[in-house]
Amino acid sequence: MSLNLEYLGITNPKVVYRNLPVSTLTEKAIIRGEGTLSNTGALVVKTGKYTGRSANDKFIVDTPAVHDEIAWGKVNRPIDKARYDAIYSKVVAYLQNREIFVFDGFAGADPKYTKSFRIINELASQNLFIHQLLRRPTEADLENFTPDFTIIAAPGFKCIPEIDGTRSEAAILVNYEEKMVVICGSQYAGEIKKSVFSVMNYVLPKMGVFPMHCSANIGPDGDSAVFFGLSGTGKTTLSADPNRKLIGDDEHGWADDSVFNFEGGCYAKCINLSAEKEPDIYNAIKFGALVENVVMDPDTREFDFDDASLAENSRVGYPVEFIANSELSGKSTSVPKTVIFLTADAYGVLPPISKLDKNQAMYYFVSGFTSKLAGTEIGITSPVPTFSTCFGEPFLPLDPSVYANMLAEKVEKSGANVYLVNTGWNGTGKRMKLSYTRAMVTAALNGDIEKSEFVTDPTFGVQVPTTIPGVPSELLIPANTWEDKAAYEAKAKELAKSFVENFKKYTHMSAEVVAAGPKA
């Protein structure tokens, strides 16, 4: 189905393809030299210079209509309208006489809050990716389709910083007033996915919906749960529960009567992937999936998931249907009864599981804590505490207090219990066994944890259970795992101080929330 894009300033394209099927997009990507097929049938591409999101190249167009809404700073950088208009004009001119691939689809599985997106791609492979990642339309949907937002992705167009006012050849320009995103210079498909997320984080709070960077699942009785966490904390692993259906692994909305996935697909890490550890992801790498930057034997077309020479951040995108135990509607009609914040504390001082009151929930949610571990980044030789506001700082255009207040409101209304789960280390120097963490999460989900006696952690103030079925009790109290109690107290105070220092930048949080933090 063709489409006229002149209203966007895209004139004289060679051809415009609209919502091509997966087989045709895969075929065109191969013919155009964008990628090759693996022995499993997945399309495999290399994204070149950019193998991850380029956070420092993202800008928000500063217009009077949005200026007072945006939390400007190191994450939300402004670019003036004139510079944006100049780059936009160059990008649409660049697309002349080229094949253009359009995907019209949706974000938001609850029809009351669905937003329609038109994604315009220079590359067939990127169009395949977003076709699989967003929610796909029916033929009837396409007949009267009107986009709420448009994203133009032209990785072949390179900005000239001295002329265009950008930081590099890549730029992600979000224009909330004109409902437009322009991505240029980067072929990393995650930029498109997270641009959709950034838009939803802007529009949904105005509709009374709490947007979340989290995974979500549903129990056999229809009870839903959400899992917040930064990379490496276990968000995808722990939400993939054989006894519960997966709603989604990354982006959700919490409305008054539902929790729903924004997406219709998943975007999973591939480094060190194995059939034993992550069978769902491993088996999803088949025809219809897009694989980025995974080393493949040119003769056998077999993957080497342990080879990070192309990228540590190798990825695969696939539709949620590729996961056997998934909730294909993308939503639950019950609001979450359990909220879990995941963290990987490398200091070994946070309890493996603890319960939070309302103010503590807001504090630890806004803090978004985990640890960068040695080897994860150049120059990291010992654990470094890192904080990502609301577990999704790069994608939040509004002040953190907006999202924190929505969390508190939704939790209070639903009566949900909030738990902080440390999937990291303890005083033994060993990481918590996955089987123990699963047992703790299960106890939180089924209510067994509430039968335990709780004690107050002296530094972090959280409530710690003294017994959990299937978990050695001595592991539940962090101090008990340390032989040197003075060393434990010193490390606990060190981490507490990091929390307190980090929280000083949140100037719109109430005194009650500030007081709910650790005691340094």
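I compared the radius of gyration, taken over C-alpha atoms, with the globule rule of 2.2 Å times the number of residues to the power 0.38. For 520 residues a compact globule would have a radius near 24 Å, and the chain agrees because its value is 23 Å. Along the principal axes, I find that the C-alpha atoms fill a box of roughly 70 × 55 × 45 Å.

I note that this is a predicted model, in which local features need pLDDT of at least 70 and side-chain atom pairs pLDDT 80 or more, while totals for chains, interfaces and linings use all residues. Residues are numbered from 1 along each chain as its sequence is written, and side-chain values use heavy atoms, without hydrogens and water.

I looked up burial (under 20% relative accessible area, 1.4 Å probe, protein chains only): 59% of the 520 residues count as buried. For contacts (heavy atoms within 4.5 Å), I took residues at least 6 apart in sequence; 72% of these contacts join residues at least 24 apart.

I counted charges with Lys and Arg as positive, Asp and Glu as negative, and His and the chain ends left out. There are 52 positive and 63 negative side chains, and the centres of the two sets lie 1 Å apart.

I then turned to strands (DSSP runs of E, at least two residues, numbered from the N terminus) and their pairing (at least two DSSP bridges). Five strands form an open, mixed sheet in the order β2-β3-β17-β20-β16. Its edge strands are β2 (36-37) and β16 (265-269). Strands β3 (43-45) and β17 (290-292) run parallel, joined by 3 bridges.

Terms used: Buried < 20%, exposed > 50% of the residue type's maximum accessible area, 1.4 Å probe, protein only. Charge placed at Lys NZ, Arg CZ, Asp CG, Glu CD. Helix = DSSP H or I, 4+ residues; strand = E, 2+ residues; numbered from the N terminus.
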